[in-house]
Amino acid sequence: YVFFFNDTATTEIYTEQIVGSVRCVQETAIKMGNTCSENSSSHGVYLLCHGESEFNNIQNELKHINAKQFEDVGMRFDDKLFDCELSENGRNQALSAKEQVAKHNVQYVFVSPLRRSLQTAEIIFGSHKSGPKIIVLPQLREVLGSSSDINARIFEAFRDFEYMNFTYVKECGNVLNTYLQDLSEKETVNQVIQKVENKYGKNIGDQRVYALEINQVMKDQYPKQLENSADVQERVQKVKTFIKSFTQQNSITGEIFIIGHQRLFEYFTAQSFSAGEPNNFQKLDYCQVHHLSLIHISEPTRLLSISYAVFCLKKKKNTLKQESYLYLLNMITQFIILS
């Protein structure tokens, strides 16, 4: 229902009430989402961050010695750390998480194709009593920020985790460069692909070829990121749409776990964005389990910003009534969607 009032003051009063209601709904959803009971029997969706990787371990050690040393570009883009594995600490974190989710009735696990996430999934759910199906989604990879985020070991993954479902990865076309296919900088991507194909031909057997080329591009333009915020938001929205559609098309009798990465999950749980960066997100630690609020699955990643409401309420008294009516309509619409 849309109500129109004869004066701007009345409109603003009701607008403020609606804004308060929206905030209340959002805060309630977040509180509900932060609860993860080991004895939970609801058909919920959970996020689970991978364990500490070898790259993370080196990063933490360098930061402990010298906070500025990690910014060394050579270390960040070290090709020895392509798609690296879990550290010993990361494996122990995964074993602890395995105990935490042991009582959960898990039906499906969606996991990033990066090795640290695949290993986390294997440790936690490989022998889980529920026998969940583990499905690899290429869009769940980490935001491209270092060599460790480049999927350069996909053939090894097919072999080492053959019981997992890689169908969605193989459907992407060239499995050697799936991480390039979601980037908006098509000119750069096409140049890399063309350079590789000119040098090695189209039937490439070395899975590191594309990785080496794109790693050099990332290194050359650092600190500018090859994968921008809009790319990540769009990718996250694809995952949300897929999960929602999957749950509607399949008989879901258990829970769903999504195993991915810290930076990606910031976008996944963000309530809003400013200057392209996520705001009010859930920061997940290694192997931390987070019950995902339904609001984060059902709603677009680019949520309308509450700050705009505050701005409108502070407008001068001579604001045109038409603007107030349109704004009220916008807020009522958002309230109905959120609730």
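User: Which residue in β4 does Y46 stand opposite?

Analyst: The model is predicted: local features need pLDDT of at least 70, side-chain atom pairs count only at pLDDT 80 or more, and totals for chains, interfaces and linings use all residues. Residues are numbered from 1 along each chain as its sequence is written, and side-chain values use heavy atoms, leaving out hydrogens and water. Strand β1 (residues 45–49) and strand β4 (residues 255–260) run parallel and are joined by five bridges; strands (E, at least two residues) and helices (H or I, at least four) are DSSP runs numbered from the N terminus. In β4, the residue opposite Y46 is F257.

User: Which strands stand at the edges of the sheet?

Analyst: Five strands form an open, mixed sheet in the order β3-β2-β4-β1-β7, where two strands pair if DSSP finds at least two bridges between them. An edge strand has a single partner, so one of its sides is left without a neighbour in the sheet. The strands in that position are β3 (133–136) and β7 (289–291).

User: What angle does α5 make with β4?

Analyst: Helix α5 covers residues 115–125 and lies across β1, β2 (106–111), β3 and β4. Axes are lines fitted to C-alpha atoms, for helices over the stretch in contact, and angles run from 0 to 180 degrees between N-to-C directions. On that scale, α5 runs relative to β4 at about 145°.

User: Which side chain does S117 join in a polar contact of 3.3 Å?

Analyst: S117 is in α5 and touches H50, V111, S112, I259, G260 and H261, not counting residues up to four places away in sequence; touching means heavy atoms within 4.5 Å. A polar contact is a pair of N or O atoms within 3.5 Å; within protein, one must be able to donate a hydrogen and the other to accept it, and residues adjacent in sequence count only if both atoms are side-chain atoms. The side chain that S117 joins in this way belongs to H261.

User: Is S117 buried or exposed?

Analyst: Relative accessible area decides this: under 20% is buried, over 50% exposed, and in between partly exposed (1.4 Å probe, protein chains only). S117 has a value of 0%, so the residue is buried.

User: How many disulfides does the structure hold?

Analyst: A disulfide needs a pair of cysteine sulfur atoms within 2.5 Å. For C49, the nearest cysteine sulfur, that of C287, is 7.2 Å away. The number of disulfides in the structure is zero.
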